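Here are my notes for someone opening this one for the first time. Have a look at the picture, then read through the points.

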Amino acid sequence: MNSRTQTLMHNEPHMMADKFEDDSDTSVITETKPKTKRPPLYKVMLLNDDFTPMEFVVLVLERFFGLNHAQAFEIMLTVHQKGLAVVGVFSHEIAETKVAQVMDFARRHQHPLQCTMEKEE
């Protein structure tokens, strides 16, 4: 027997063993993907007061929430008429940052504007 024949004979039984292994195991393995839960969202709200100028509230809405002038004016009127308005819904970290930015900006301009957040239901 030459080396080529030995190689063929050596590989043949191995290939056959792979093809004809015992197929009596009929269990099926299913891979379940864990459902990733969406992080809770938080509403950021502006509260009405009798001292903060309406123009300042519009500026805050444009600057920190990316609203155009018409959108900002509409929300400012809602805050003025209803006492508060939701100005956006964000992840906890973003909501917290927006509240801090608005509160800091209002204080630096000596306005008592209140901005809060609460978990969305």
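1. Just after helix 4, Gln110 takes a positive phi of about 55 degrees. That is a predicted value, since the whole thing is a predicted model. Gln110 has this positive phi although it is not a glycine. You'll find Gln110 in the loop between helix 4 and strand 3. Is Gln110 buried or exposed? Its relative accessibility is 72%, so Gln110 counts as exposed.

2. Now step back into helix 4 itself, which covers 92-108.

3. Which residues of helix 4 are buried? They are Ala95, Lys98, Val99, Val102, Phe105 and Ala106. These residues cover an arc of only 140 degrees around the axis, which puts them on the same side of helix 4. As background, an α-helix has 3.6 residues a turn, so residues three or four places apart point the same way. On the face turned away from the buried side, helix 4 carries the exposed residues Glu93 and Arg108.

4. What do the buried residues of helix 4 pack against? Their partners are strand 1, helix 2, strand 2 and strand 3.

5. Strand 1 deserves a look of its own. On one side, 7 bridges join strand 1 to strand 2, and the two run antiparallel. Strand 1 also pairs with strand 3 in the antiparallel sense, over 6 bridges. Met45 stands opposite Thr116 in strand 3. Why call strand 1 largely enclosed by the rest of the structure? Because 5 of its 7 residues are buried.

6. Last, the core. The largest nonpolar core has 25 residues, and those with the most contacts inside it are Val44, Leu46, Val60, Leu61, Phe65, Val102 and Leu113. Strand 1 (41-47), helix 2 (54-65), helix 3 (69-82), strand 2 (84-91) and helix 4 each supply at least two residues of this core. Which element gives the largest share? That is helix 2, with 7 residues.

7. Leaving aside neighbours within four places in sequence, Phe65 is in contact with Val44, Val60, Val87, Phe90, Lys98 and Val102. Two of those, Lys98 and Val102, are among the buried residues of helix 4 named above.

Note on methods
Residues are numbered from 1 along each chain as its sequence is written. This is a predicted model: local features need pLDDT of at least 70, side-chain atom pairs count only at pLDDT 80 or more; totals for chains, interfaces and linings use all residues. Side-chain values use heavy atoms; hydrogens and water are left out. A nonpolar core is a set of buried Ala, Val, Leu, Ile, Met, Phe, Trp, Tyr and Cys residues joined through side-chain atoms within 4.5 Å. Buried means under 20% relative accessible area, exposed over 50%, partly exposed in between (1.4 Å probe, protein chains only). Helices (H or I, at least four residues) and strands (E, at least two) are DSSP runs, numbered from the N terminus. Contact means heavy atoms within 4.5 Å. The arc is that of the directions from the helix axis to the C-beta atoms. Two strands pair if DSSP finds at least two bridges between them.
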